[in-house]
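Go through it in running paragraphs.

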Amino acid sequence: MAHQSGVKNPLEEISPVFPHSVPADISSVNGTLYTTAQTLVQQVAYTLSDKLFTYSPDTFSLDEAARLWSGNEQTNVRGVVPTVNAMETRLGAANVLLGYVFSPDVDPKKKAVAKSIIASSPALIHMRSALDQLSVLYGVSSPFVAHVSAVDYEVSSAKLVTDYASAVTVAQETGIGLLASFSAHEAQHMALFATLAATVLPMVHIYDGVSVSRESAKIKDVLDRTSLQNVFSSILGEQKEAPKKADQGTKVNAILRGLNAELGTAYSLFEYEGHDEPDAVLVTFGSVESLLATQVAASLTNSGERIGVIAIRVYRPFSEPHFLEALPRSVKRIAVLGQVANKAAAEDSAVQSALYVDVVAAITMSDIWTLPPPIVDIPEEELTAQASTMDAFILLGDGSHAQQYVFWDGDDAASAPAASIISRLLSEDPRKSVSFQAAYDNVPLSGILHSEIRASSSAIDAPFHIECADISVVNDIQLLSKFDIASRTKDSGIILLKSTIKDDEFEKKLPALFRRAVTKKAINLIIADPSALGDEAPAAVENALIQLAFAKLANISAPLEKLSYLNIDSSTVHQAYERLDSSLRNVEIPKEWADSLEDNEPSHLPTIPQTTSFAINEEKHTTEPAPALKTSQSAAQAIVFKEAYDVQSALRPDLSMKNYIVKVQENRRLTPEYYGRNIFHIEFDLSGTGMEYQIGEALGIHSQNDPDEVSEFIEFYGLNADDIVEVPSKDDPDVLEMRTVFQALSQNVDIFGRPPKKFYESLAEFATDEGERKALLTLSSAEGATESKRRAEMDTVTFADILAEYKSAHPSFYELVRIVSPLKRREYSIASSQKVNPNSVHLLIVVVNWVDTKGRDRFGQATRYLSRLPIGAKVTVSVKPSVMKLPPLATQPLIMAGLGTGLAPFRAFVQYRAWQKSQGVDIGSVLLYMGSRHQREEYLYGEEWEAYQAAGIVTLLGRAFSRDQSEKIYIQDRMRQSLDDIIEAYIKEDGAFYLCGPTWPVPDVTEVLQEAIVEEGKRRGAKVDGAKKIEELKEGLRYVLEVY
């Protein structure tokens, strides 16, 4: 079909976020093409599976291609049209899959075909129970592979974040495999690798879900369906010849070597980049993190820095020998960029990442270093923030010229597709490689679209924001007051501003910050005035005007013909082209702009929007119910007349997990009153709650703030404790949740917790005193990093302390709730077995306390709360799974090492073994090693252990009281003294070893276990690698650490 202008119309309408649509025919996915990692992952899953189970929120589009191909009845390589089953992300997700993978009635050939899941990372948490079963019984199941987009919505920051922590946690707790794609260019290969590795163990393939998965890029050498199947079959055939007894890490590595041989690639489990003899090495896992870190390392190495990066491709199974092989021997210090649950966890010095624990274990168990290099854990937030300020092409090197363009627009503006159309236009040039990324921020102006284009003569791997744009296009003048757009435009670059602004309005309508930056950087400011198009011009003509203006400024040849084809209505392009020259004008920058100032000018503006959604803000034109403070009288009316007010009671409606109310039935201190450490035993009555827990699980305590401190804060802040807080529910904004101010500050708001740096910045918005506002902004900036760190670590200030210090910053109660972190659940290992204590659950806890720099007594919020609870007090609790699980056979021995309150799970273990014996079940030996400072004060559960020993349940009790004698005796010393017992129980009788407590004894305790392994081998006349054997035991869940 041709338009009246004679130019043919485009085949499709171009999406504002994806310039290149999903191919309707899967066979066209091959060779060199523009596509996304998301599409390539779906192509592999669709080709190599007959059934796909997808857990994709509507706006995430994780399964869009697979649903399209299945709807078009496209077949896979076996001639089958795969079914795409869209599932809900909820508790028990993936249980339906178990019926397929374990079905005994399925044809053996079909059973060998992988079952694939496509999901976002939160779904893994809901799949945990199913993955647990799958991991244990994998020998009789179909291969299972999950392709997971690492993205989640973080409520505290109200934005989409890259979430690897969910996958790392689930992999660690269930024993499933986990590998990562670093970029869109290798997504297809890694999806194929994951499907192959799924023949060894259940496998999760994870990739960045915020940027990498949605980046449109030019991908070369894409395998078609037949090639995928040929490579898959070839490697699978080779693996059938592999030794059956090889461990999982060895098998997975063999598959990766086979993949390299087939594809001519050089992937490895651990990929090193940097100096040949580095002093410092950074260890990373994840797409953006790994890609960024390796590029930084390469750049710094070229400038002479002795630095390197190990990017972990396969995180589980974690092959310590391969990790140590990749780590240069010259290293003097190691930093680990680990994944943690959220920003609050990243800023909590007590939280350690799982990756850090693995690296520490690998280094300390190695005999490579006489004195192992120091290892530090770096919160991921620090590097992610750095990534946003780096210019991609400083790192790309090789002298290749690249153009970079940034577009800013309202999310539903007529010109919103302009950037995507320009990207499509640039990609028509076969000599160029173009990447495109777009993100929605639903907050500024009720929704904006931020798009970035990079065009280069070579392939582009740059999953971070542009910092030196050749051209910045701003389609709404209001954005200049929201973002520092000029700072991300290069010196002598161009800013194209769509506006009807007149020359005499510049100083009135252009912010002073913008005018100064334009002058300082000698930026060329070009106005595209849509009023020149005429009053009757449709909005689509404005869109075409921006495209044509950009093409002119970027020196793109023949833009009229090309853009006519790429726009759905080519006549609008011709109409805009006729008025193009009259619509554009170059602004002459007065020298006076360099000194521009204005009243109430912000000290700085953000340079990059937050990615809060993958879609436009549909709610911008709707009215949301506003929260309100009401008197207790109005609340009483609602409670008395429930039907009229549609009131329902709920247990902590703000908490998403399953909760129970339990009562304290015992709370006793175990250490003497005179002793400095208050370690106590607390029991909760479960009668009538229906709560169940398993051996090794943890109890989540939803604690409350101290009531006296809450009352003091309410009085100081001028609040009424009995006023009702009426807040729209998170699940349904039409439903209002009611609490008193006192309840909210007691149960929901962490007002006495430690504030992150972000709090200072948020609070500054409310400061009416200019000095206090500047002080708060300084504390939130790099300039105030030392002072804010001192406040957090030395003064241990709280949110309440800051509000008392900066009195002019007085947010309303609702604003306060918004910027102060919520109270978090605290988890404690359960110290009882429900078989022995059917109606109670027990905990062993030490009160955390210290004196701050002002001489004030400070306490851990949850431990103080629990220590003060009287008999009969009600507490809200929940149950959390743990890695501490008993071995499958009752006859398998237990070797347990617990320090201080780390004895808690082992009390549950011993109780359960005692119960098994009372039921006539044969049980294995139980070796319990316990460590503390003094027997007199800290012999925790001492009489119980001795009673169990007398009853023949505990066969060895190794007590290490480090300070009761002149020479210090630690838990590893007691273990070494009973090496023969460990050899018998751990090695000969296939026992399982557990360590619970602080991190510091891990290397010493592990060294003893290695000695036992080597000694046992020596007695048999065999040479055994102790470190390698520990790695095998770890994979078999016979070496389990729960350290903190």
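Contact here means that heavy atoms lie within 4.5 Å of each other. The model is a predicted one, and the idea of contact can be applied to it at once. Leaving aside neighbours within four places in sequence, Asn 442 is in contact with Asp 411, Gly 447, Thr 612, Ser 613, Ala 615, Ile 616 and Asn 617. Asn 442 sits in the loop between strand E18 (433–441) and strand E19 (448–456). Is Asn 442 buried or exposed? A residue counts as buried when its relative accessible area is under 20%. Asn 442 has a relative accessible area of 19%, so Asn 442 is buried. The side chain of Asn 442 also reaches the backbone oxygen of Ala 615, at 3.5 Å.

Now take the chain as a whole. The protein chain has 40 helices and 39 strands. Of its 1044 residues, 56% are buried. Among contacts between residues at least 6 apart in sequence, 77% join residues at least 24 apart.

Phe 193 touches Leu 179, Val 252, Ile 255, Leu 256, Leu 259 and Val 314, not counting residues up to four places away in sequence.

Helix H10 (residues 248–263) can be followed from its start to its end. At the start of H10, a side-chain oxygen of Asp 247 comes to within 3.0 Å of the backbone nitrogen of Gly 249. H10 has 16 residues, and at 1.5 Å a residue these should span 22 Å; the end C-alpha atoms are 23 Å apart, which agrees. The buried residues of H10 are Gly 249, Val 252, Asn 253, Ala 254, Ile 255, Leu 256, Gly 258, Leu 259 and Asn 260. These buried residues pack against H8, helix H9 (225–239), strand E14 (314–316), helix H12 (320–326) and helix H40 (1026–1035). After H10 comes Gly 264, whose phi is positive, near 75°.

Strands are the next topic. Strand E34 (residues 874–880) runs antiparallel to strand E25 (residues 660–669), and four bridges join the two. Within this pairing, Tyr 660 has Val 877 in E34 as its bridge partner. E34 also pairs with strand E27 (residues 698–702) in the antiparallel sense, over five bridges. Here Ala 698 stands opposite Lys 880 in E34.

Is Pro 887 buried or exposed? Its relative accessibility is 12%, so Pro 887 counts as buried. Pro 887 touches Gln 892, Leu 894, Arg 913, Ala 992 and Tyr 994, not counting residues up to four places away in sequence. Pro 887 and Phe 993 are 106 residues apart in sequence, while their C-alpha atoms are 9.7 Å apart in space.

Terms used
Residues are numbered from 1 along each chain as its sequence is written. This is a predicted model: local features need pLDDT of at least 70, side-chain atom pairs count only at pLDDT 80 or more; totals for chains, interfaces and linings use all residues. Side-chain values use heavy atoms; hydrogens and water are left out. Two strands pair if DSSP finds at least two bridges between them. The expected span of a helix is 1.5 Å times one less than its number of residues. Buried means under 20% relative accessible area, exposed over 50%, partly exposed in between (1.4 Å probe, protein chains only). A polar contact is a pair of N or O atoms within 3.5 Å; within protein, one must be able to donate a hydrogen and the other to accept it, and residues adjacent in sequence count only if both atoms are side-chain atoms.
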